[in-house]
Amino acid sequence: MTTYGSFPGARPRRLRTTPVMRRMVAETRLHPADFILPAFVREGVSEPVPIAAMPGVVQHTRDTLKKAAAEAVEAGISGIMLFGVPEDGKKDAAGTAGTDPDGILQVALRDVRAEVGDELLVMSDLCLDEFTDHGHCGVLDGQGRVDNDATLERYAEMAQVQADAGAHVVGPSGMMDGQIGVIRDALDQIGREDVAILAYTAKYASAFYGPFREAVGSSLKGDRKTYQQDSANARESLRELALDLEEGADMVMVKPAGPYLDILAKVAEASDVPVAAYQISGEYSMIEAAAEKGWIDRDRAILESLTGIKRAGARNILTYWATEVARTLR
């Protein structure tokens, strides 16, 4: 009897032989529509302000933000998530600039919506931390603790103001218990059933947020460990998911992305709505810094990191490289 072949009998390398072969059998593909661009707009500046800890990212003026939104449309990405940075002196304990119809975030929402219409999903960060003088995501009680239920009242007002300003999607990022239900009810009360909620379902208290605090001019002292999730825990993310879905979340998110791919995979497996992940400032800055020193190949590292996030289960990815990568893919 003739024996064909010899050890090894299985040769998976046959499917890796050429770029075309590897492309054909790729299990995960990135597409411009996967991406959402986080963008910062700063009140009272005439030129974009570079963010030192995030090379290549700026605090936009109103005009340059509109340009960035137009470029995002041209690149084919799906959305832009806006964060407002108020002028010095406009922060207070209740974060009232965040619910002022003429506050920087609401003005920016109107600007971008007028610029791009429905060609780009205009999304809005729904949180108070950029606008409070203490830097927390909610209002404080008499003992200096974040008051969950008093904060929900502020979020309801914020949701309505952002919807009126033109947001297609609101992104509650404060991790207050019950926030999705309260926001859904507040939007429905003003007839804005069309405004979607992207829930920050599993948002962990992370060291990787550091550069973001410069980006939004954070006033935070201390940490947010009493309301953001503990990095040691996985099961509670599924409890948060169940609650957000019950309360009416249209989409859910895991944040950060890279250090929490296991959480992302669990949430993606359990969720019956689209799942997003936020590749946050620290993830961005580490790659940029290592590339600047010549330690890694920047472009390959960016694509590899994003592919890993999508492979883990993210349908959409918030990343500061959104427009750049979308252009490359196209």
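1. The largest pocket of this predicted model holds about 410 Å³ of space. Of its 20 lining residues, L37, G56, H60, A68 and Y320 are the closest to the centre. The elements that each give two or more residues to this lining are β1 (35-42), β3 (58-60), α2 (62-75) and α11 (322-329). Sorted by class, the pocket lining has 11 nonpolar, 4 polar and 5 charged residues.

2. The volume of the largest cavity is about 110 Å³. Its lining comprises 14 residues, with D129, K203, F212, R224 and K255 nearest the centre. By class, this lining has 7 charged, 5 nonpolar and 2 polar residues.

3. K255, one of the residues nearest the cavity centre, belongs to strand β8 (residues 251-255). K255 is buried but has no salt bridge; D125, the nearest side chain of opposite charge, is 6.1 Å away. A salt bridge here requires a nitrogen–oxygen distance within 4 Å. Apart from neighbours within four places in sequence, K255 contacts Y200, A202, K203, Y204, Y209, Y278 and I280.

4. The structure has 18 salt bridges. One of them joins the side chains of D34 and R315, at 2.8 Å from N to O. D34 sits in the loop between α1 and β1, and R315 in the loop between α10 (298-312) and β10 (316-318), so this pair ties together parts 281 residues apart in sequence. D34 counts as buried because its relative accessibility is 1%, under the 20% cut-off. R315 is partly exposed, with a relative accessible area of 44%. Not counting residues up to four places away in sequence, D34 touches R29, K310, R315, N316 and I317.

5. A salt bridge within one helix links R184 and D188, whose closest N and O atoms are 3.1 Å apart. The two residues are 4 residues apart in α5 (residues 179-189), so about one helical turn separates them. R184 is buried at 13% relative accessibility, whereas D188 is partly exposed at 29%.

6. R298 and E288 also meet in a salt bridge, at 3.0 Å from N to O. R298 is in helix α10 and E288 in helix α9 (residues 281-292), so the pair ties together parts 10 residues apart in sequence. R298 counts as partly exposed at 24% relative accessibility, while E288 counts as buried at 10%. Salt bridges with shared partners join E288, R298, D299 and E324 into one network.

Conventions. Residues are numbered from 1 along each chain as its sequence is written. This is a predicted model: local features need pLDDT of at least 70, side-chain atom pairs count only at pLDDT 80 or more; totals for chains, interfaces and linings use all residues. Side-chain values use heavy atoms; hydrogens and water are left out. On a 1 Å grid over the protein atoms alone, a cavity is a set of points where a 1.4 Å probe fits but cannot get out, and a pocket is an open set with protein on both sides within 12 Å along at least five of seven lines; lining residues have an atom within 4 Å of a point. Grid points are joined across faces, edges and corners, and a volume is the space filled by probe spheres set on the points. Ala, Val, Leu, Ile, Met, Phe, Trp, Tyr, Cys and Pro count as nonpolar, Asp, Glu, Lys and Arg as charged, and the others, Gly among them, as polar. Buried means under 20% relative accessible area, exposed over 50%, partly exposed in between (1.4 Å probe, protein chains only). Lys and Arg count as positive and Asp and Glu as negative; His and the chain ends are not counted. Contact means heavy atoms within 4.5 Å.
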